Amino acid sequence: MPDPLTTPAAELPVRRLGPDDLERCLALNEDRAWGREDRKWLFLLENAEAYGIDDPSGGLAGTVTLTRYGTTAAGIGMMLVATRYGGRGLGRRLMTHVLDAAGDATVFLWATEFGRPLYEKLGFETLCVAEARVGRLRVEGDPVRSRPADPAADLDALLALDGEVFGADRSGLLRRLFGFAEQVRVVEDDSGLIGYAGMWRNHSTLVIGPVVADNEDVARALIIDLARTADGPVRVEVDRTRPGLLDWLGERGLPQAFWTSFMVHGGRPLPGDRSRLFAPLMTAMG
Ligand SMILES: CC(C)(COP(=O)(O)OP(=O)(O)OC[C@H]1O[C@@H](n2cnc3c(N)ncnc32)[C@H](O)[C@@H]1OP(=O)(O)O)[C@@H](O)C(=O)NCCC(=O)NCCS
């Protein structure tokens, strides 16, 4: 097996990872102090394309994931290079591999400040900055305005709404969301479904996402109703073009924990109607 310390990065083999690689992926997370995100990694290994470079001493030297949305769009995530192999071109090698694999699709990702310089060098442009808000949301006294989604009866309407908003096919992923999420909830009015949102467990936090809604009022109702059932801190990523929603989250007890930049390769226009996409499903899926 080639040694990343002595082999030029461009010659290192990139391997497709599968669910059997879960423990190796988690070890890399721990190396970068990202926490033991076992449910998230398993969901990615089962529903996205995960790639890695092997570490000859066992484990993985680096990982990256590509989530395809039909043939038109794709999200990149879990760009991790083991500390001992940092600065040797492995990040570039893995990114180039998934960009080639993505072909003509519009490719996007959420970047930490560690990753942003690498992505900029590869042609990604920042579209917006999102704040990860983490804490216990105060929900006392708020009326319940949503109901649990019925995976059979609501699926068609949910997929139709998501298709308009996300603008690329993530129907396979949303079908699996019902098994992965703690809850999926919907809001309706006389016209039909006007919003839906999910909440899934990641380590010790419950992530609220996706949040898709016709307007901010509906998005708030979904966030409240999901958070009201949470048995621990919740996390939601909201971009800074929504200062009203961010202020409201702050007043309700959710301060900023960190922030990430949403970047698009080549600065291409995004499909769909992002004004109704209030939070991503999972930043690692774009
Ligand atoms: C970000 C990360 C993946 C980079 O991996 P890496 O293997 O060290 O990166 P590379 O050696 O391939 O660097 C690629 C290019 O980006 C540049 N680069 C990488 N990190 C940089 C930084 N912090 N500042 C400036 N430039 C940087 C390198 O100079 C290099 O440029 P070149 O190819 O023109 O010489 C790695 O540092 C990491 O795993 N960090 C922690 C996890 C993380 O935050 N991941 C990003 C999630 S969005």
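Start with the largest nonpolar core, which has 76 residues. A nonpolar core here is a set of buried Ala, Val, Leu, Ile, Met, Phe, Trp, Tyr and Cys residues joined through side-chain atoms within 4.5 Å. Buried means under 20% relative accessible area, exposed over 50%, and partly exposed in between (1.4 Å probe, protein chains only). This is a predicted model: local features need pLDDT of at least 70, side-chain atom pairs count only at pLDDT 80 or more, and totals for chains, interfaces and linings use all residues. Residues are numbered from 1 along each chain as its sequence is written, and side-chain values use heavy atoms, with hydrogens and water left out.

Select Trp41, Ile76, Met95, Phe124, Leu158 and Met282, the residues with the most contacts inside this core. Then select strand E4 (residues 73-81), which gives the most to the core, with 7 residues. Strands (E, at least two residues) are DSSP runs, numbered from the N terminus. Domain 1 (9-104) and domain 2 (132-257), with bounds from an automatic or database domain assignment, both give residues to the core, so it lies between them.

Stay in strand E4 and select methionine 78. Its phi is positive, about 50 degrees, although it is not a glycine. Methionine 78 counts as buried, because its relative accessibility is 4%.

Next, go to histidine 203, in the loop between strand E9 (192-202) and E10. Histidine 203 also has a positive phi, about 60 degrees, and is not a glycine. At 47% relative accessibility, histidine 203 counts as partly exposed.

Finish at proline 210, in strand E10 (residues 205-213). A cis peptide bond joins it to glycine 209, with omega about 0 degrees.

Key: Helices (H or I, at least four residues) and strands (E, at least two) are DSSP runs, numbered from the N terminus.
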